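Here's a quick walk through a two-chain model, starting where the chains meet and moving on to the spaces around them. Have a look at it first.

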There are 2 protein chains.
Amino acid sequence: MNGTYITTNKDDILKSEEHDFIAELTDDASASFEIVRTALSNGNSVVSANKKMIAENLKELIELQNHSGTNLLYDAACAGSIPIIRILDDHYQNENVISIKGILNGTSNYILSNMNFNNLTFGEALLKAQKSGIAESDPSLDISGKDTNYKNTILSVHSHGALLNPETSLTLGIESINKSDIEFAKNINSKIKLVSYIYEKEDVFTSFVTPAFVNRDHNFFDVEYENNSLEIEGEFTSGQVYTGKGAGSYPTGIAVLSDIAALTKGYRYNYLKLNKKENAANDFTTPNYDYDIKVYVRYNDQSDISGFGIHSIIQENKTTGNKYVIGYCSLNALNKLSAADRRKIFICAFDPLKDIEEKQRLNSKL
Amino acid sequence: MNGTYITTNKDDILKSEEHDFIAELTDDASASFEIVRTALSNGNSVVSANKKMIAENLKELIELQNHSGTNLLYDAACAGSIPIIRILDDHYQNENVISIKGILNGTSNYILSNMNFNNLTFGEALLKAQKSGIAESDPSLDISGKDTNYKNTILSVHSHGALLNPETSLTLGIESINKSDIEFAKNINSKIKLVSYIYEKEDVFTSFVTPAFVNRDHNFFDVEYENNSLEIEGEFTSGQVYTGKGAGSYPTGIAVLSDIAALTKGYRYNYLKLNKKENAANDFTTPNYDYDIKVYVRYNDQSDISGFGIHSIIQENKTTGNKYVIGYCSLNALNKLSAADRRKIFICAFDPLKDIEEKQRLNSKL
């Protein structure tokens, strides 16, 4: 290393034997995976904050840890400064988690707060997020909901032992939100938040990401700007809420530091719920999308919404420039919308887990 | 053990070598201490939920662990189902914690919620708490603030490395609250909560427990009934809020179970901040009570409040039956009030850490 401790060649580190562990903090998921895979294979433990890399490769990363006896910690990858992975893996390991709702993306929450409080357009709010260093120069993962989905994928392994395929999980974003949606939310005493959901009850497991109306009574109503929040419903613990900064170098830095400290103590994740699954511990769990949820869909042209079967319509507004419909449609139908179709409309759920639970209750009475 | 796994004689367990650890769940602090001390001395690790025992003997309990190489875990002793000790000990070990505010006693919070929402008197609300199994048959530790103080004492070791003497920490309770206090709070858009405070900034360390007015904007405003909540302000993490059930057998059971699971993994507290203190790691830290805070004091007779020097009076009401004064007095003066004096009046702070910070700012400008 030329007498210095600084190098820009990853092989100088990966091939060296002079370190106890590697902290991998790139934002390129494939470079990140190559580094982490090599390090774990070489017997090095790793701290990483790359949610995309982890979510997409969790199966192999767990196998690699088991095989080489190394530890991979990634609490910094999810919910910034809130040590949620460790809380789930340790504290909830003996608890039946019913649901987790999350605001997991600081950038989109920052955009939504700015649209709500400062009457900015989506474009203005996004620009503000980029200028203030909250958003990446390429914020597409944030606003499309994909970043939230990666984090949710990581959560579900620790909360429910469910390995999800992030590629096929229902993920709706906020790219097409406009001022009229914010106004609509205000009129029903709500705010729009980008929310992740994991739910398991009576053999129904589901998980998805969608914008949702959050009303005044909900814990998420006052979670603003770059804050993240998680609401965990457990069989014995009831409701718990964890709120804190989800973005920014300082909060993330502390999360990385605390993973490093944990590594030095030999701490490793239990993956207890994953290991408990009877067979096929490493097979993907398919979320159940056979449920209908209540949605608000704002559109320009009737043809934009003809494809996915909105039914049981509750409210409709056909004023040009502000057309919307409120009704029910299945999670399956939403998941089948193409990216192009999604960009034409803005979809916002109301209380999807409540819709699913009510349907379950009805079914069990039949 | 007469062929069974049940015994009512603690020595059957303490003298046996057939167990891996002991979970000690009595509510008698001296019996608890005897059991835990003996077990740790014998080389047994222990899980305990007895906050009074732990707060009063933490110094010796830490020495015992170090001496015998055993582990004592007690996350169930503080904030019920919120794993706050582990969060502080692990996640905040490399972070400078500026302050922790806590609602740590489910019983008093339950009483206050019932007085506020259901217009009950203190006595009616207490009775309701007892009937519903929230309060102990002897709730004196809860309503006097002592239970909160014990928990706060435990927190401060992990958040600031400060061993406090619970006997000498300023602890105000809610025993003398009445309906007029609740009304007063409503009139200023606030609720009264029993709040614990730990604060450290620029060489000023303080810690105390007092009822406080919590306004609509504060995270604690909606923390109701048996819920607990902690707000942690860190130098790099900024604000974090943890909320969940603080009382009840199920949430506490999960906390005990997760301590047991941690024990089986060999988990132990770092006590990193305590161990970092330069000298006298095990000496008590004396909280700084040389600061004046704004208080509301409701009294019957002028003589009740003549002793502790309320000054800079902002508001006074001398209507018989509902006399109160709002002004400033020092934490020292409040701490010197006798138990008898306290019972005659009801004291409620506004935002004591803000008062202290403002004074610090003023001092630094001089």
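Chain A and chain B bury about 2,600 Å² between them, with 58% of that on carbon and sulfur atoms. Buried area here is the accessible area (1.4 Å probe) that two parts lose on being put together, summed over both.

A word on ground rules. This is a predicted model, so local features need pLDDT of at least 70 and side-chain atom pairs count only at pLDDT 80 or more, while totals for chains, interfaces and linings use all residues. Residues are numbered from 1 along each chain as its sequence is written, chains are lettered from A and ligands numbered from 1 in the order in which they are written, and side-chain values use heavy atoms, leaving out hydrogens and water.

**The interface**

Back to the contact (heavy atoms within 4.5 Å): chain A puts in 31 residues and chain B puts in 31 residues. How do the two copies relate? The same surface serves both, since 100% of the contact residues of chain A recur in chain B.

**Salt bridges**

Side chains of opposite charge can pair when their charged atoms come close. A salt bridge is taken as a side-chain nitrogen of Lys or Arg within 4 Å of a carboxyl oxygen of Asp or Glu. Over all chains, the whole structure has 27 salt bridges, and two salt bridges cross the interface of chain A and chain B. B:Asp90 and A:Lys265 form a salt bridge through their side chains at 3.7 Å, N to O. Within chain B, the side chains of B:Glu56 and B:Lys52 meet at 3.3 Å, N to O. Both of these residues sit in helix α3 (residues 51-68) of chain B, four residues apart, about one turn of the helix. Helices (H or I, at least four residues) and strands (E, at least two) are DSSP runs, numbered from the N terminus.

**Pocket and cavities**

Both kinds of space come from a 1 Å grid over the protein atoms alone: a cavity is a set of points where a 1.4 Å probe fits but cannot get out, a pocket is an open set with protein on both sides within 12 Å along at least five of seven lines, and lining residues have an atom within 4 Å of a point. The largest pocket is lined by 33 residues, with A:His218, A:Asn219, A:Asp222, B:Asn219 and B:Asp222 nearest its centre. Elements giving two or more residues to that lining are β8 (227-234) and β9 (238-245) of chain A together with β9 (238-245) of chain B.

There are four cavities of 30 Å³ or more. Lining the largest cavity are residues from both chains, among them A:Asp90, A:His91, B:Asp90 and B:His91. The second largest cavity has A:Lys191, A:Lys193 and A:Glu224 among its lining residues.

| Space | Volume |
|---|---|
| Largest pocket | about 1,100 Å³ |
| Largest cavity | about 100 Å³ |
| Second largest cavity | about 60 Å³ |

Technical notes. Grid points are joined across faces, edges and corners, and a volume is the space filled by probe spheres set on the points.
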